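Subject: Structure handover and findings

Hello,

Here is the structure for your files. Please open it next to this message.

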Amino acid sequence: MADVYYVVDESQQFGYTINYYLQNEDFESYSLKESLTLTGTTGEEVYAEEKDYPGYYLDYYNESAIASGTIKADGSLVLKLYYNAYPYDVIYDSNNGTGDIYVDEKNPYIYEEEV
């Protein structure tokens with residue numbers, strides 16, 4: 001029986017993914033906003049690039065976040081960044097402050113959420 005050897009060329013380019021998640025209206029769950037597929041050299045340490053999303057800020061303390069990792073030959077590396085929504089309170093001010101003020105019972109809202 002002959003010996004079989006498997007040689008991996010460590011300099012080859014392989015894919016990895018960065019997923020960006022935005023917090024939902026319930027202020028607890030997240031939805032995938034954007035996914036990028038990039039390439040790099042096997043064994044290379046890569047970092048998820050931060051992005052700007054209006055009405056959201058990067059949650060540096062999210063336990064599900066994976067901000068960096070090492071590229072693997074199987075393409076399995078997935079980095080994940082999570083963004084929390086800034087809460088917006090809606091207040092109805094009738095008659096330019098001379099009437100009743102009504103605070104929306106559905107407060108808070110998130111950016112671009114319909115009021």
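Below is what came out of the analysis.

This is a predicted model: local features need pLDDT of at least 70, side-chain atom pairs count only at pLDDT 80 or more, and totals for chains, interfaces and linings use all residues. Residues are numbered from 1 along each chain as its sequence is written, and side-chain values use heavy atoms, with hydrogens and water left out.

Overall

The protein has zero helices and eight strands. Helices (H or I, at least four residues) and strands (E, at least two) are DSSP runs, numbered from the N terminus. The order from the N terminus is β-β-β-β-β-β-β-β. The protein has 115 residues, and 30% of them count as buried. Buried means under 20% relative accessible area, exposed over 50%, and partly exposed in between (1.4 Å probe, protein chains only). The accessible surface is about 8,400 Å². Carbon and sulfur atoms hold 48% of that surface. Areas come from the Shrake-Rupley method with a 1.4 Å probe; for residues, only the protein chains shown count as cover. Take the contacts (heavy atoms within 4.5 Å) with a separation of 6 or more: 55% of them join residues 24 or more positions apart.

Core

The largest nonpolar core has 17 residues. Such a core is a set of buried Ala, Val, Leu, Ile, Met, Phe, Trp, Tyr and Cys residues joined through side-chain atoms within 4.5 Å. Tyr16, Tyr56, Leu79 and Tyr83 touch the most other members. Strands S1 (13–23), S4 (56–58) and S6 (78–85) each give two or more residues to this core. S1 provides the largest share, five residues. In soluble globular proteins, nonpolar side chains tend to be buried together.

Beyond four places in sequence, Tyr16 touches Leu36, Thr37, Leu38, Thr39, Gly40, Val46, Ile71, Leu77 and Leu79. Thr17 lies in strand S1. Thr17 counts as buried because its relative accessibility is 17%. Leaving aside neighbours within four places in sequence, Thr17 is in contact with Ser35, Leu36, Thr37, Leu77, Val78 and Leu79.

Aromatic pairs

The whole structure holds six aromatic pairs. Rings of Phe, Tyr and Trp (its six-membered ring) pair if their centres lie within 6.5 Å; planes under 30 degrees apart count as stacked, over 60 as edge-to-face and the rest as tilted. One of the six is the stacked pair of Tyr21 and Tyr82, at 4.7 Å centre to centre and 10° between the planes. This pair links distant parts of the chain: Tyr21 is in strand S1 and Tyr82 in strand S6, 61 residues apart. Tyr21 is buried at 15% relative accessible area. Tyr82 is buried at 10%.

Tyr82 also pairs with Tyr30. Their ring centres are 5.1 Å apart and their planes at 85°, so this pair is edge-to-face. Tyr30 sits in strand S2 (residues 30–41), 52 residues from Tyr82 in strand S6. Tyr30 is partly exposed, at 23% relative accessibility. Separately, Tyr20, Tyr53 and Tyr83 form one aromatic cluster.

Surface

Tyr57, Tyr86, Tyr88 and Tyr111 make a nonpolar surface patch of about 390 Å². Tyr88 lies in the loop between S6 and strand S7 (91–93). Tyr88 counts as partly exposed, at 39% relative accessibility.

Best wishes

Conventions
Patch = residues over 30% accessible without salt bridge, like charges linked within 9 Å, V, L, I, M, F, W, Y side chains within 5 Å. Salt bridge = Lys/Arg side-chain N within 4 Å of Asp/Glu carboxyl O.
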